[in-house]
Amino acid sequence: MDLDMGKYAFYVWGCYGVSAVALIGLTVLSVVAHRDRAAKLKALQETLAAEKAQKVDA
Amino acid sequence: MALAAYPRNAYEKPMIISWLANPERFSKVFAPVRPYLAAATAILFVWGLYLCFASPEDYQQGDTVRIMYIHVPAAWMGLFTYLVMGVSSFFGLIFRHALADAAAKAAAPIGAVFTALALVTGSLWGKPMWGTWWEWDGRMTSVLVLFLFYIGYMALHASIEDEMRAAKSTAILALIGLVNLPIIKFSVDWWNTLHQGASVFRADGPTVAPAMLWPLLIMALAYHLLFIWLWLVRIDSEILSRKYNGLRARISFREGGA
């Protein structure tokens, strides 16, 4: 395995660096947004369920 | 909640697309698959990246050949993702499948990132090999147009508040953009371009040496799996978001009517 890119180091590592940042960034944003939305929906559903239970009790 | 029975039509052919078009069912079917996809993607990336730097340098390109192992898959995925977006938009526009717009909308940012990476990595390869960062030739210009279609699609979707209207307008835009895909593919044959012709998908077989073809194919597979995993996550996000907005709208309506 050769990691010495010689005179092309800037171009090769530049490509791998930009790709890593973009793909990891996209992955993190997608997963975080998914978790946030799932949590928001769950909280709203729980609030509605609690309200419904209160009405039944009353 | 148990999954609904898998339906079959009068000719006993499975109607999988119709069956999966139910957002609730779609989420339930694919939620257990996603962790395995994520693991398979990570393994392929580790393997592919090892091969990228274990393969020999090219006798003409030197070490810049390693840029090809991420540039080419990014370019393939830019095209493939747009095809997925176009097909989803077609189903949304013609058959009104509930999930189709969510699928197209979820694919757009992923495709935009892949296409941007194809442009940036291509430019970083072009400078040492061609002596220029950019050339307005058929291939590069048509890929830039593809990127602009992605940006236009996302901007249009964000600018229309009504989901139904947004879905219809963006689907029409996505279908128009499909015309660009064969232009990108055949631009190197139709015009005299600086960009080289096809070297993998050729009628007479690949012209790339196996030592360089393997890293390219493994990385391409890793990019494909990454796309599928992210696409499923983003579709599910869209389903959750629409469900949340639907509940909020019902609450507002109820409070307004009370």
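Modeller: Chain B has nine helices and zero strands, where helices (H or I, at least four residues) and strands (E, at least two) are DSSP runs numbered from the N terminus. Read from the N terminus on, its elements go α-α-α-α-α-α-α-α-α. Keep in mind that this is a predicted model: local features need pLDDT of at least 70, side-chain atom pairs count only at pLDDT 80 or more, and totals for chains, interfaces and linings use all residues. Residues are numbered from 1 along each chain as its sequence is written, while chains are lettered from A and ligands numbered from 1 in the order in which they are written.

Along the principal axes, the C-alpha atoms of chain B fill a box of roughly 75 × 40 × 35 Å. Chain B has 258 residues, and 35% of them count as buried (20 or more other C-beta atoms within 10 Å of the residue's own, with C-beta atoms placed from the backbone). Two residues are in contact if their C-beta atoms, placed from the backbone, lie within 7 Å. Take the contacts in chain B between residues at least 6 apart in sequence: 73% of these join residues at least 24 apart.

Now for the partner. Chain A has one helix and zero strands, and its C-alpha atoms fill a box of roughly 80 × 20 × 5 Å along the principal axes. Buried residues make up 16% of its 58 residues. Where the two chains meet, 27 residues come from chain A and 30 residues from chain B.

Methods:
Buried ≥ 20, exposed ≤ 12 C-beta atoms within 10 Å, placed from the backbone.
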